[in-house]
Amino acid sequence: MNSTSLKEEPKNKLSTTVNSKTLEVTARVVAASVIFLTACFLLNNYLNFWHAWPGMLIFLNSGLNLPDSNSLGWLQVISYLLVIPAAVLYVYRNATDTLIENAHKWDSLVRFIIRAAFWAVFLIGLFDSLISFLRIEGFLPYVVGDNLSTQLGRSNFRGLYLHFPLIGLSVLIAAMVKKIDFFWLALMVVLTEFGIVISRFVFSYEQAFMGDLVRFWYAALFLFASAYTFFHDGHVRVDVLYGRFSKHTKAWTNILGILFLGLPLCWIILSTGMWEKTSSIISPLVNYEITQSNYGLYVKYLMVFYLIIFAVTMIIQFCSYFLTNIADLLGQSDEDPSVAFLQDH
């Protein structure tokens, strides 16, 4: 071997290492940017429709001159401009993580959101059913008084002073209790249906809130389960071609599918449902929409919120899967002991 080839080999290895590092950092920044952009979009929607902030697009279209809202509009513009710098800072602060470790951190965030959502629908379903039962049987005034009984018959009051505090409590429980997850909803749905059958055919008793409770939990089970199933690769996949691909080709197929199919679908759900106050997601939430039955559960507006949970958890899970497939392209192993620890916890 001559001296020229000896000089070129280290140079080629160095070039490959630099390119791999660039791809890794770029992938991390892209994943973090998408997730931070999603969080920024949700926060600004909350400020727009619940606190009458102008919104970035309205503010910009007005020539940056909306009366009494310049500072609020500028804050919203700046929040979007900070998405990429925040993503770069996140990647810099977690520079020692491998791609797989970084992906599992996003997995942990998804599991936390789903746990919090599980406890929320569990507690809200129980308390709302109890209130509806007491109202139907005429016991509620004796328990909470006439004034509070009347107020609990208003959806906005029940949402503000019962549902939202329970959601906050659910977040705290999810942070402390990590062993109970949404799949318990399957058992609760079965038990509730069994209770309805016994109540209907044995005691000839059935009320609207009983069927509402089953639908409330059943819808949560399937929409919350989507990201969990994706994490465990449990979705139905058409493997006519994919199963024959090499690991490298599978990684590219998954990356392109995430970028051009998965993430755009989730963003279509969020953007079309939350673009205006009359949009399909925002309108029921703002108006605390309930079913036509006055004595059913007051949770229809929360069931619309399931679509947000679905889209957000899938976006984060897609970003995690994106990083995992980039790791496959770079030949990074997922057998590291620290990764196994993250998976187990």
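1. The lining of the largest pocket divides into 32 nonpolar residues, two polar and no charged. Here Ala, Val, Leu, Ile, Met, Phe, Trp, Tyr, Cys and Pro count as nonpolar, Asp, Glu, Lys and Arg as charged, and the others, Gly among them, as polar. The space in this pocket amounts to about 1000 Å³. Of the 34 lining residues, those closest to the pocket centre are Leu42, Ile167, Phe305, Ile308 and Ile309.

2. The model is predicted: local features need pLDDT of at least 70 and side-chain atom pairs count only at pLDDT 80 or more, while totals for chains, interfaces and linings use all residues. Residues are numbered from 1 along each chain as its sequence is written, and side-chain values use heavy atoms, with hydrogens and water left out.

3. Which elements each supply at least two residues of the lining of the largest pocket? They are α1 (3–50), α5 (99–137), α8 (155–176), α10 (208–231), α13 (282–287) and α14 (300–330). The largest share, nine residues, comes from α14. Helices (H or I, at least four residues) and strands (E, at least two) are DSSP runs, numbered from the N terminus. The search runs on a 1 Å grid over the protein atoms alone; a pocket is an open set of points with protein on both sides within 12 Å along at least five of seven lines, whereas a cavity is a set of points where a 1.4 Å probe fits but cannot get out, and lining residues have an atom within 4 Å of a point. Grid points are joined across faces, edges and corners, and a volume is the space filled by probe spheres set on the points.

4. The structure also holds one cavity of 30 Å³ or more, and about 30 Å³ of space lies in the largest cavity. The largest cavity is lined by Val110, Arg111, Ile114, Ala227, Tyr228, Phe231 and Gln317. The elements giving two or more residues to this lining are α5 and α10. By class, the cavity lining comprises five nonpolar residues, one polar and one charged.

5. Across the whole structure, 17 aromatic pairs are found; rings of Phe, Tyr and Trp (its six-membered ring) pair if their centres lie within 6.5 Å, and planes under 30 degrees apart count as stacked, over 60 as edge-to-face and the rest as tilted. The pair of Phe230 and Tyr321 is edge-to-face because the ring centres are 5.0 Å apart and the planes stand at 70°. This pair links distant parts of the chain, with Phe230 in helix α10 and Tyr321 in helix α14, 91 residues apart. Phe230 counts as buried at 15% relative accessibility, and Tyr321 counts as partly exposed at 21%. Buried means under 20% relative accessible area, exposed over 50%, and partly exposed in between (1.4 Å probe, protein chains only).

6. Two further aromatic features deserve mention. Phe118, Trp119, Phe122 and Trp217 form one aromatic cluster. The charged end of Arg158 sits over the ring of Tyr298, 3.8 Å from the ring centre; the criterion is NZ of Lys or CZ of Arg within 6 Å of the ring centre and within 35 degrees of the ring normal.

7. Helix α4 (residues 83–93) has as its buried residues Val83, Ala87, Tyr90 and Val91. These residues lie on the same side of α4 because they cover an arc of only 95° around the axis, the arc being that of the directions from the helix axis to the C-beta atoms. The exposed residues Tyr92 and Arg93 are carried by the face of α4 turned away from its buried side.

8. Two contacts between residues separated in sequence may be noted. Val77 lies in helix α3 (residues 70–81) and is buried, at 9% relative accessibility. Val77 and Gly55 are 22 residues apart in sequence, with 8.5 Å between their C-alpha atoms. Met303, in helix α14, is partly exposed at 26% relative accessibility. The C-alpha atoms of Met303 and Ala220 are separated by 7.7 Å, the residues being 83 apart along the chain.

9. Ser204 is not a glycine, yet has a positive phi of about 55°; Ser204 is found in the loop between α9 (184–201) and α10 and is exposed, with a relative accessible area of 67%. Tyr288, also not a glycine, has a positive phi of about 50°. Tyr288 is placed in the loop between α13 and α14 and is buried, with a relative accessible area of 11%.
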